[in-house]
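Here are my notes for a colleague opening this structure for the first time. Have a look at the picture, then read on point by point.

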Amino acid sequence: MGIPCDDVVQIRPPEAAGEPTVITINCPDKIGLGCDLCRVILFFGLNIVRGDASTDGKWCYVVFWVVGRGGKLTRWGLLKKRLLGVCPSVLQQYQYWPQEMMAMDQKPQVFLLKFCCFDRNGLLHDVTQVLCELELTILKVKVSTTPDGRVMDLFFITDTRELLHTRKRKEETCDKLKSILGDSMTSCELEPMSGEITACLQASPFLPPEISEEMFNLELPQVETAGSHYKSYVPTVTVDNSLSPGHSLIQILCQDHKGLLYDIMRTLKDYNIQLSYGRFYTTQKGRGEIDLFVVQMDGKKILDNSKQKALCDRLRMEMYKPLRVTVVNRGPDTELFVANPVELSGKGRPLVFHDITLALKMLHARIFLAEIRRHVVTDREWEVYRILLGDDESSAVYNKIVEGVTKMLMGWE
């Protein structure tokens, strides 16, 4: 018994040019469902301009109004399938499966993609674009360029479709890479990683010497700092317990950015806060206005002042600076660093490496080395992207790179 899959997720195309597409989800509820739905929508390059959600704790009804970015074609059928994949089934709801079992994600098999080719402008982004289209998630990357212009790429990846162990899926991956690299690709190999090697991908408690802990500072500035590449004002977040007898109202006013609703929902998920009713929309001036009626895991309001302050401070920081971008000059080498927090579930932010490499491609910046690693800083796990840039750029160009990468990541391009 249950409702048909077509009724769980419905996607209604815009009625007129320029209007948003409407996505409706009607399914059993679970802690963190809003985060999981927003994460899928962000992965498909869509921006949520308006949202409404309501739940009685067992069943939820969610509506998103979304628009695409940059004229990119959206695979709506695949998006619907991925949204269905994060919705709890009706069977789980009525058999009263424990929430822990419903939310538990089996760790997917990690594979090493290794290929060699000749370097060119935008190479890394073109490869990343192919992997995204194939729904291959990049966990770690090691890219190095030799003096003679050859590139050795090592990508540690997982497959959303869980088919990378098959010969057909491996051939599809290498063929897609061959189609964009042409004859410059001299080899392509895919092999599963052992448990020992996969364990090495876990976050390290030690930061490399090139990175300062100041990059991960969680304190908000009192005023906008001069020369900041973040155009947003400091967000306001308040908790009101007077308007509802059973819920705390969280009100947020902030600058809109790519993945804004995802950043809010992942923060609530990490704090085990359950949403009962929510309303979100963006204004024509690029401001986000959010009202959220929430309860704690025990079904009660957030009455403790210290819990209120901790939650509001975290939300303000996530709205103000969800990603960190900086350039470090070390003698002849100049490195670009980008960092973003990882969900407690272990999932990183979608499309970060894609957007970094796209911005650098558009700026014609040369990449000699690229790495993705995870580190634990201030009791939080961070995904850190390290890009070694060309050594013949001026400081003005470096500032332009930081600005360009920041705008691309925040959706302000």
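1. Let's start with a detail: which residue in β4 is the bridge partner of Pro28? It is Trp59. Strands here are DSSP E runs of at least two residues and helices are H or I runs of at least four, numbered from the N terminus. Two strands pair if DSSP finds at least two bridges between them.

2. A word on what you're looking at. This is a predicted model, where local features need pLDDT of at least 70, side-chain atom pairs count only at pLDDT 80 or more, and totals for chains, interfaces and linings use all residues. Residues are numbered from 1 along each chain as its sequence is written, and side-chain values use heavy atoms, with hydrogens and water left out.

3. The overall tally: the protein has twelve helices and 16 strands. Of its 413 residues, 49% count as buried, meaning under 20% relative accessible area, with exposed being over 50% and partly exposed in between (1.4 Å probe, protein chains only). Take the contacts (heavy atoms within 4.5 Å) between residues at least 6 apart in sequence: 71% of them join residues at least 24 apart.

4. Now the sheet. Eight strands make an open sheet, in the order β1-β2-β4-β3-β11-β12-β10-β9, with antiparallel pairing. At the edges stand β1 (9-12) and β9 (236-240); each has a single partner strand, so one side of each is left without a neighbour in the sheet. From one strand to the next, the twist averages 15 degrees.

5. Two helices lie across this sheet. Helix α3 (residues 76-86) lies across β1, β2, β3 (46-55) and β4, at about 150 degrees to β1. Helix α9 (residues 260-270) lies across β3, β4, β10 (248-255), β11 (274-282) and β12 (287-295), and runs at about 25 degrees to β12. For these angles, axes are lines fitted to C-alpha atoms, for helices over the stretch in contact, and values run from 0 to 180 degrees between N-to-C directions.

6. Why call helix α2 (residues 33-43) largely enclosed by the rest of the structure? Because eight of its eleven residues are buried. Among them are Leu33, Leu37, Val40, Ile41 and Leu42, along with Asp36. After α2 comes Gly45, with a positive phi near 75 degrees.

7. How many disulfides does a search of the whole structure find? One, where a disulfide is a pair of cysteine sulfur atoms within 2.5 Å. Cys174 and Cys188 form it, with their sulfur atoms 2.3 Å apart. The link is left-handed, at -80 degrees about the S-S bond. Cys174 lies in helix α7 (residues 167-181) and Cys188 in strand β8 (residues 187-192), so the pair ties together parts that are 14 residues apart in sequence. Cys174 is buried at 16% relative accessible area, whereas Cys188 is partly exposed at 21%.

8. Cys117 itself counts as buried, at 3% relative accessibility.
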